[in-house]
Amino acid sequence: MLFRRAVVAECDRILQLIEQGRRQIALTGSDQWQDGYPDRESILGDIASEVGYVLTQEDVVVAYGAVVFDGEPSYDALEGEWLTEGKPYVVLHRLAVADEMKHRGIAREFFLRVGCLALDRGVEVFRVDTHEKNRYMLRLVDQLGFTYCGLCRYGSGERRAFERILPF
């Protein structure tokens with residue numbers, strides 16, 4: 001599998017993955033992603049900002065996520081406490097895995113690749129947040145050893161925030 005920056009030509013495929021993820025999340029009763037976000041504009045913005053990453057298998061995009069190194073404003077107002085206040089961190093947003101690749105460790109692999117990218121850049125802190133009903137992501141961050149740090153808020157609601165000191 002190849003982990004690399006996404007390109008504009010992959011936007012339609014990425015949006016397919018987002019839509020598949022949207023349907024999966026809806027089944028949990030969560031309202032996360034149910035308001036139309038993320039949308040084409042979000043993904044194209046990620047790609048233009050060089051934060052959109054894909055995991056490919058035989059040139060087919062099987063996972064997408066936004067890998068951000070310049071902070072997350074909602075984390076500044078965390079209702080809780082980070083393990084590493086004031087240190088640089090990477091955050092993963094908008095992770096989506098192709099339906100046909102689910103339950104094969106693809107999301108885990110994406111996280112591991114993000115962790116390696118962070119370490120290559122000298123960043124040893126990994127943060128992520130998710131909706132309280134997104135049991136898939138909650139289980140994954142638990143399995144990967146992330147620590148629950150508190151709640152952060154977005155316009156679409158509050159999210160549980162987690163942190164992990166790298167390496168995995």
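1. Gln-24 is found in helix 1. The model is a predicted one, and in it Gln-24 has a relative accessible area of 18%. Since buried means under 20% relative accessible area, Gln-24 is therefore classed as buried. Along the chain, Gln-24 and Ser-156 are 132 residues apart, and their C-alpha atoms are separated by 18 Å.

2. Arg-40 and Asp-12 form a salt bridge in which the closest N and O atoms are 2.6 Å apart. Arg-40 belongs to helix 2 (residues 40-48) and Asp-12 to helix 1, so that the pair links distant parts of the chain, 28 residues apart. Both partners have some accessible surface: Arg-40 counts as partly exposed at 40% relative accessibility, and Asp-12 is partly exposed with a relative accessible area of 48%.

3. A second bridge of this kind involves strand 8. Arg-160 forms a salt bridge with Glu-132, with 3.9 Å between the closest N and O atoms. Because Arg-160 lies in strand 8 (residues 157-165) and Glu-132 in the loop between strand 6 and helix 4, the pair ties together parts that are 28 residues apart in sequence. Arg-160 is partly exposed at 31% relative accessibility, and Glu-132 is partly exposed with a relative accessible area of 46%. The N to O distance of 3.9 Å should be read against the cut-off, which is within 4 Å.

4. A search of the whole structure gives 12 salt bridges. One of the pairs is Glu-10 with Arg-4, where the closest N and O atoms are 2.3 Å apart. Glu-10 counts as buried at 11% relative accessibility, whereas Arg-4 is partly exposed with a relative accessible area of 25%.

5. Strand 5 gives the most, with 6 residues. By residue class, the lining of the largest pocket divides into 15 nonpolar, 11 polar and 10 charged residues.

6. The largest nonpolar core has 55 residues. Those with the most contacts inside this core are Ile-14, Tyr-64, Val-67, Phe-110 and Phe-111. Strand 3 (residues 60-68) supplies the largest share of the core, 7 residues.

7. How many disulfides does the structure hold? The number is 0. Cys-152 is in no disulfide, and the nearest cysteine sulfur, that of Cys-149, is 11 Å away. The cut-off for a disulfide is a pair of cysteine sulfur atoms within 2.5 Å. Cys-152 counts as buried at 0% relative accessibility, while Cys-116 is partly exposed with a relative accessible area of 47%.

8. Two cis peptide bonds should be noted when the backbone is checked. The bond from Tyr-37 to Pro-38 is cis, with omega near -5°, and Pro-38 lies in the loop between helix 1 and helix 2. Leu-166 and Pro-167 are also joined by a cis peptide bond, with omega about 5°. Pro-167 lies in the segment after strand 8.

9. Positive phi values occur in residues other than glycine. Trp-33 has phi near 70° and lies in the loop between helix 1 and helix 2. Trp-33 is buried, with a relative accessible area of 9%. Glu-58 has phi near 50° and is found in the loop between strand 2 (52-57) and strand 3. Glu-58 counts as exposed at 76% relative accessibility.

10. Last, a residue of strand 7. Thr-147 lies in strand 7 (residues 147-154) and counts as partly exposed at 33% relative accessibility. Thr-147 and Arg-127 are 20 residues apart in sequence, with a C-alpha to C-alpha distance of 9.4 Å in space.

Conventions. Residues are numbered from 1 along each chain as its sequence is written. This is a predicted model: local features need pLDDT of at least 70, side-chain atom pairs count only at pLDDT 80 or more; totals for chains, interfaces and linings use all residues. Side-chain values use heavy atoms; hydrogens and water are left out. Helices (H or I, at least four residues) and strands (E, at least two) are DSSP runs, numbered from the N terminus. Ala, Val, Leu, Ile, Met, Phe, Trp, Tyr, Cys and Pro count as nonpolar, Asp, Glu, Lys and Arg as charged, and the others, Gly among them, as polar. A salt bridge is a side-chain nitrogen of Lys or Arg within 4 Å of a carboxyl oxygen of Asp or Glu. Buried means under 20% relative accessible area, exposed over 50%, partly exposed in between (1.4 Å probe, protein chains only). A nonpolar core is a set of buried Ala, Val, Leu, Ile, Met, Phe, Trp, Tyr and Cys residues joined through side-chain atoms within 4.5 Å.
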